[in-house]
Structure formats: structure tokens, C-alpha cells
Amino acid sequence: MPQQVTARLPDPVITALDTAAQQLRRSRADVIRLAVEHYLEDFDDLSVAIDRLRDPSDPVLDWDKVRRDLLDSD
């Protein structure tokens, strides 16, 4: 069962939220839920990318070599 969450937002954010909800023909709650879901998906993707960048066993590619290889493959 979904849980209710309460948040305080500044007036300009509420105005933008109401505008988006009206244009999308959705409720405030729908817009907030979608925004949080998208944010968390992006957060997960960034977390994976950062973990990979910090992984010493992950090989680092030389951009100049990769670029030359790609350009020479034509």
C-alpha cells in the first residue's frame, strides 16, 4: 500500500508544479511521484557509473587511441 509523504516546497516550485500538472492533465501527486521516480532512476544510474569509475580493476581507455582506431576503421 502506498505511503503518504509530506514535503514543504517554496512557492515558485509549487507554481511550477501546478503549471506542469495542469499541462499534463495530472494531479500534483502524480507529477511529484513521476519526478521522484525519474530522479531515483537517474541517481541509480549515476551511482553505478561512479562505482565503475572507482573500480581499479576496470580498464581505463586512452581516448586518443580509441578515437584513432574509430577513425581508421572507415
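Colleague: New to this one. Where do Arg-33 and Glu-37 lie, and how many residues apart are they?
Modeller: Both sit in helix H2, four residues apart, which is about one turn of the helix. Keep in mind that this is a predicted model.

Colleague: Okay. What do Arg-33 and Glu-37 form?
Modeller: A salt bridge, with the closest N and O atoms 3.2 Å apart.

Colleague: Is Arg-33 buried, partly exposed or exposed?
Modeller: Arg-33 has 39% relative accessibility, so it counts as partly exposed. Glu-37 is also partly exposed, because its value is 36%. Asp-30 has 25%, so that one counts as partly exposed too.

Colleague: How many salt bridges turn up in the whole structure?
Modeller: Four. One of them pairs the side chains of Arg-28 and Asp-18, at 2.6 Å from N to O. This pair links distant parts of the chain: Arg-28 is in helix H2 and Asp-18 is in helix H1, ten residues apart.

Colleague: Why can side chains like that pair up at all?
Modeller: Because opposite charges can pair when the charged atoms come close.

Colleague: Changing topic: how much space lies in the largest pocket?
Modeller: About 380 Å³. Its lining includes Gln-3, Thr-6, Leu-9, Ile-14, Arg-28 and Ile-32.

Colleague: Which helices each supply at least two residues of that lining?
Modeller: Helix H1, covering 11-24, and helix H2, covering 28-54. H2 gives the most, with three residues.

Colleague: What's the lining like by class?
Modeller: Seven residues are nonpolar, three are polar and one is charged.

Colleague: And which residues make the nonpolar surface patch?
Modeller: Leu-9, Val-13, Ile-32, Val-36, Tyr-39, Leu-40 and Phe-43 make a patch of about 620 Å². H2 gives the most here, with five residues.

Terms used
Residues numbered from 1 in each chain as written. Predicted model: local features only at pLDDT ≥ 70, side-chain atom pairs only at ≥ 80, totals over all residues. Heavy atoms only, no water. 1 Å grid on protein atoms, 1.4 Å probe; cavity = no way out; pocket = protein on both sides within 12 Å on 5 of 7 lines; lining within 4 Å. Points joined across faces, edges and corners; volume = space filled by probe spheres on them. Nonpolar A, V, L, I, M, F, W, Y, C, P; charged D, E, K, R; others polar. Patch = residues over 30% accessible without salt bridge, like charges linked within 9 Å, V, L, I, M, F, W, Y side chains within 5 Å. Areas by Shrake-Rupley, 256 points an atom, 1.4 Å probe, with all protein chains shown as cover. Buried < 20%, exposed > 50% of the residue type's maximum accessible area, 1.4 Å probe, protein only.
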